[in-house]
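Here's a quick briefing to read alongside the model. Take a look at the fold first, then work through the notes.

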Amino acid sequence: MERRDWTDGHVERWKPVLPGLDPDVEGAVTRMKKLSVHLRRVREQSLADFDLDRQEFDTLHKLAGRGGKAAPSELAADLDLAPASVTGRLDALERRGFVRRTPSTTDRRRVDVELTDEGRATWLGAMDVLGHEEDRLLGILDKDERTLLNDMLRRIMVVAEDRGGAEWD
């Protein structure tokens, strides 16, 4: 018999209270919530370990996602922020040595923001902590099971995203 988890007891407690409760739906949704909370805690601890706040990490992450170089306006769009808010974030990251601003080589009116080696190393360090935990958790599944889980979650997300209006990033 497979090991039981907290959610098994949760479902058992609620089945008599809600006779129409589908134990598979309740179990899956509860486990997804608990897993999301667990991964959020790991991420928060990782950020604390690397002395980053969420805004700093998000900005470094978006910059890294653009190959380590972007215009402030591109970062503002990626972060869904006003340009002035991005300027404040970049000022703080530049003071910490995580980014540098340089004149654009293609447009004299523009400034480019680049990740420094220290900024990239800090961002990667924080990412690695979460990545290792994700690998640890999903490592109990073989390749086919991971593919199946990913496909099933995609199907669920397509339905969720069809409701519109929700921000998923």
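In which loop does Asp80 lie? Asp80 sits in the loop between helix H4 (72-79) and H5, and we'll come back to that residue at the end. This is a predicted model, so keep the ground rules in mind: local features need pLDDT of at least 70, side-chain atom pairs count only at pLDDT 80 or more, and totals for chains, interfaces and linings use all residues. Residues are numbered from 1 along each chain as its sequence is written, and side-chain values use heavy atoms, with hydrogens and water left out. Helices (H or I, at least four residues) and strands (E, at least two) are DSSP runs, numbered from the N terminus.

**The sheet**

- You'll find 3 strands in an open, antiparallel sheet, ordered E1-E3-E2; two strands pair if DSSP finds at least two bridges between them.
- The edges are strand E1 (69-70) and strand E2 (99-103), each pairing on one side only.
- E1 is joined to strand E3 (residues 111-115) by 2 bridges, while 5 bridges join E2 to E3.
- Val113 in E3 is the bridge partner of Ala70, and Val113 is also the bridge partner of Arg101.

**Helix H3 and its neighbours**

- Helix H3 (residues 54-65) packs on the sheet and touches E1, E2 and E3, where contact means heavy atoms within 4.5 Å.
- The direction of H3 makes about 100 degrees with that of E3; axes are lines fitted to C-alpha atoms, for helices over the stretch in contact, and angles run from 0 to 180 degrees between N-to-C directions.
- H3 also packs with helix H6 (residues 117-138), at about 105 degrees and with the axes 10 Å apart.
- That makes H3 roughly perpendicular to H6; angles under 35 degrees count as roughly parallel, over 145 as roughly antiparallel, 65 to 115 as roughly perpendicular and the rest as oblique.
- On the H3 side the contact uses Phe57, Leu60, His61 and Ala64, and on the H6 side Gly119, Trp123, Ala126 and Met127.
- Those residues split into 6 nonpolar, 2 polar and no charged; Ala, Val, Leu, Ile, Met, Phe, Trp, Tyr, Cys and Pro count as nonpolar, Asp, Glu, Lys and Arg as charged, and the others, Gly among them, as polar.
- With helix H5 (residues 83-95), the H3 angle is about 90 degrees and the axes are 10 Å apart, so H3 and H5 are roughly perpendicular to each other.

**Helices H1 and H2**

- In helix H1 (residues 6-14), Thr7, Gly9, His10 and Val11 are buried, and H2 is included in what covers the buried residues of H1.
- Buried means under 20% relative accessible area, exposed over 50%, and partly exposed in between (1.4 Å probe, protein chains only).
- Thr30 belongs to helix H2 (residues 23-49) and is buried, with a relative accessible area of 8%.
- Leaving out residues up to four places away in sequence, Thr30 touches Trp6, Thr7 and His10.
- The side chain of Thr30 also reaches the backbone oxygen of Glu26 at 2.8 Å.

**Two loop residues with positive phi**

- Asp51, in the loop between H2 and H3, has phi near 55 degrees, a positive value in a residue other than glycine.
- Asp51 is exposed, with a relative accessible area of 54%.
- Asp80 has a positive phi of about 55 degrees although it is not a glycine, and Asp80 is exposed at 68% relative accessible area.

Key
A polar contact is a pair of N or O atoms within 3.5 Å; within protein, one must be able to donate a hydrogen and the other to accept it, and residues adjacent in sequence count only if both atoms are side-chain atoms.
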